[in-house]
Amino acid sequence: MPDGVQQTGLKTDRRLTLLEAAIKKHQYRKDALLEILHIAQELYGYLDKDLLTHISKLLRLPPSHVYGVATFYNLFKLKKPGAHVVTVCMGTACYVKGAEEIVSAIERDFNVKRGGTTPDGKLSLFVTRCIGACAMAPNTIVDGETIGKATPDEVLKKIRAVVGVEKVEAR
Amino acid sequence: MSKTVELTIDGKKVAAKEGDNILKVARENNIYIPALCYLEGVSSLGGCRVCVVEIRGSPKVFASCVTPVAEGMEVITDSERLRRYRKWAIELLLAERPHVCSVCVANGNCELQQLATELGVDHLRVDRKWTNYELDLTHERFAYDPNRCILCTRCIRVCDEVEGVHAIDLMLRGKNSKVIFDLDDKWGFAESCTSCGKCSAVCPVGALYVKGKPLSEVKKKELVSFVMSRRSEKTIG
């Protein structure tokens, strides 16, 4: 870490070491911000305020600027996502083919709002615009696995299976 | 020494420095073009689209604050079409957030209100959106009401380019955009803010204001011209 940079509330661990190494590799360049945010999200899974503050201090960028960039892009998550992530495509084709019903069904069954996470931190529900698989509409991505041409019931079954597996593993 | 170009604005021949924008040149020659997000002394944004003008030979309209002058250019600053576009721009700004003049500190000293009156906006042709952002009263001297903000980003530019702090920025995008301090912190807890007050001085509406005083007492315009004159002195020197 360069001189004059205050330590923030971040815990010093392997992830932080890797992040700082990446920043160093980019020579602390301000224009590498987007790249650094990507790396930080890959390492931590999401970008919390401590992390963003730390990045802004290392790159010597105003915190408001870093926060503005991080919130501008949908891909960056500012809150900790759940153990399982369900993303429903709400692009035009999927919307026409009934994506809204899928989202509503998940919201109702798992008590989670779109863009939010269940209170127990098990499941996050996101909606996105067109994943580029319109022929398979409506599309849902459950933990990285795409389910095409799905009815709400099929999606719910799949999510229950995935979330349920976690419960068994936890014991 | 930069080159000088000649152009006509509303039929009047004017000389201008190459690279200057049309709006600046027009104002220097006492030709009025309405504008909202433009602020002399800081960079132009071209966001409000109130300062649109026509240029002979092109079917398009141009935001005069971001269009540089060119030799032989013929600019038209007022026409039926331009007035229609400007009116729409103001109407959409008014509809975007709950702008209720009767309960606003800026009532009577508001550039948005002034332009709406000038352009004859007496009703809205689109539905109003009632945002419900929290009022930020945590700062000792200033207050911030996001519900009155028109996202002109004058405060952001003045904080970055004049004060040199960049404590303010925009978060999210589109209709969800919001002016924030540091990491969307409460103003009173935003560490990088120097409490200089320039943002509240340049705010065209009542979003950023000095606590406990109606804007009529703050003499906003004088403060702005003072700040900006110091700025231009610095640039020249």
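## Basis of the model

The model is predicted: local features need pLDDT of at least 70, side-chain atom pairs count only at pLDDT 80 or more, and totals for chains, interfaces and linings use all residues. Residues are numbered from 1 along each chain as its sequence is written, chains are lettered from A and ligands numbered from 1 in the order in which they are written, and side-chain values use heavy atoms, with hydrogens and water left out.

## Interface of chains A and B

Twelve residues of chain A are in contact with 15 residues of chain B, contact meaning heavy atoms within 4.5 Å. The two chains bury about 1,100 Å² between them, and carbon and sulfur atoms give 60% of this area; buried area is the accessible area (1.4 Å probe) that two parts lose on being put together, summed over both. A:Ser64, A:Tyr67 and A:Phe72 supply 42% of the area that chain A buries against chain B, more than any other three residues.

One salt bridge crosses the interface; the term denotes a side-chain nitrogen of Lys or Arg within 4 Å of a carboxyl oxygen of Asp or Glu. The side chains of A:Lys49 and B:Asp185 form a salt bridge, at 3.8 Å from N to O. Helix 3 (49-59) and helix 4 (63-72) of chain A each supply at least two residues of the side that touches chain B; helices are DSSP runs (H or I, at least four residues), numbered from the N terminus. Helix 4 of chain A gives the largest share of that side, seven residues.

## Domains of chain B

Chain B is assigned domain 1 (4-78) and domain 2 (84-236), with bounds from an automatic or database domain assignment. Each domain of chain B brings 22 residues to their contact. Together they bury about 1,600 Å², 61% of it on carbon and sulfur atoms. Between the two domains of chain B there are zero salt bridges.

## An aromatic pair in chain B

Over all chains, the structure holds five aromatic pairs, defined for rings of Phe, Tyr and Trp (its six-membered ring) with centres within 6.5 Å; planes under 30 degrees apart count as stacked, over 60 as edge-to-face and the rest as tilted. The ring centres of B:Phe142 and B:Trp187 are 5.5 Å apart and the planes lie at 20°, so this pair is stacked.
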